[in-house]
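The entries below follow the order in which I looked things up.

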Amino acid sequence: MHEMQDYVNALLFNFTGYLPAQYPQVEPVEPAPHPLKDADVIYSQRQLDTDIYLGKYIAASRKIELYPTNIGVVADHIGCEPKDLKLVVLIHEWCHAIVHLGLEKEEWKEFSWYSQNLCGSQKADEILKKILRVYEGIESNLHEQIAQFLTYHALVRKRDSNVDEAAKNRADRLIATFTKLMQVQPRPYVIKLNTIPERGLLALNLIKREHLTGGQLQSWQEILDCR
Ligand SMILES: [Zn+2]
């Protein structure tokens, strides 16, 4: 959990600049809603949907579910350490939470003030309702592109900012795990690794400020691919 928090902090404070209005709860769930043990889904082409088989972020209750047995089965299948895959899945789910709960600094200050003062509780509730509405308005394919984009760049930043050789190697292993998983996943999870990170952040800000209407995948791609 400590390591996950490191990645989450890097994403929040160094990469997106967002601050969390609230924190999600992480909860391992056994058995998973869709156990993989005897399923042929792992042997089929590109069927491994993270949010069906490995974990899930539930925005309405701010909860991250993790499915450890399925994570073990998939780790065996793609050839990585279960603990590495678990961390990659956790970061992915946390990225959904950041898209939902991350506030820009000014809005966060406003929210914190309202939520600490009795007379502001209604205003704080309005902000919570607004961010849930924005989150739920984003197309599901775009949700996956954003979560994958944030996960990948969190891992890369962590690798590049580490001076400690062991920590660098660890981040490299997580990047390898991320790309191995991506190879068995359906299209919404597949991202281009060479896009300019600032473009994605700009697009995400526009979505969160409701300037990119409807949270559509096409607008996101246009901003990322713009020459
Ligand atoms: Zn997801």
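I began with the hairpin of S3 and S4, which has four residues between the strands and in which Arg62 takes a positive phi near 50°. Arg62 is found in the loop between S3 and S4, and I noted that its positive phi occurs in a residue other than glycine. I count Arg62 as partly exposed because 18 other C-beta atoms lie within 10 Å; by the rule used here, a residue is buried if 20 or more other C-beta atoms lie within 10 Å of its own, exposed if 12 or fewer, and partly exposed in between, with C-beta atoms placed from the backbone.

Before going further I wrote down that this is a predicted model, in which local features need pLDDT of at least 70 and side-chain atom pairs count only at pLDDT 80 or more, while totals for chains, interfaces and linings use all residues. Residues are numbered from 1 along each chain as its sequence is written. Helices (H or I, at least four residues) and strands (E, at least two) are DSSP runs, numbered from the N terminus.

**The sheet**

S3 and S4 run antiparallel and are joined by four bridges; two strands pair if DSSP finds at least two bridges between them. Lys56 has Glu65 in S4 as its bridge partner. S2 and strand S4 (residues 63-66) pair in the parallel sense, also over four bridges, and here Pro28 stands opposite Leu66 in S4.

Taken together, the three strands form an open sheet with mixed pairing in the order S2-S4-S3. Its edge strands are strand S2 (25-28) and strand S3 (55-58), each of which pairs on one side only. Neighbouring strands of this sheet are turned by 20° against each other on average, direction ignored, where axes are lines fitted to C-alpha atoms, for helices over the stretch in contact, and angles run from 0 to 180 degrees between N-to-C directions.

A cis peptide bond joins Glu30 and Pro31, with omega about -10°.

**H4 against H8**

Next I looked at how helix H4 (residues 82-101) packs on helix H8 (residues 165-182), and found an angle of about 75° with the axes 9 Å apart. That angle makes H4 roughly perpendicular to H8, since angles under 35 degrees count as roughly parallel, over 145 as roughly antiparallel, 65 to 115 as roughly perpendicular and the rest as oblique. On the H4 side Asp84, Leu85, Leu87 and Val88 meet Arg173, Leu174, Thr177, Phe178 and Leu181 in H8; two residues are in contact if their C-beta atoms, placed from the backbone, lie within 7 Å.

I picked out Thr177 in helix H8, which is buried because 23 other C-beta atoms lie within 10 Å. Thr177 touches Cys80, Asp84, Leu85 and Val88, not counting residues up to four places away in sequence. The C-alpha atoms of Thr177 and Pro82 are separated by 9.7 Å, although these residues are 95 apart along the chain.

**The nonpolar core**

Of its 52 residues, Val74, Val88, Ile91, Trp94, Ile98 and Leu150 touch the most other members. Which element gives the most to this core? H4 does, with 12 residues. Val74 touches Leu36, Ile42, Leu48, Leu54 and Leu85, again leaving out residues up to four places away in sequence. As background, nonpolar side chains tend to be buried together in soluble globular proteins.

**Two further residues**

Tyr114 lies in helix H5 (residues 105-116) and is partly exposed, with 18 other C-beta atoms within 10 Å. Leaving aside neighbours within four places in sequence, Tyr114 is in contact with Gly120, Lys123 and Ala124.

Technical notes:
Core = buried A, V, L, I, M, F, W, Y, C linked by C-beta atoms within 7 Å.
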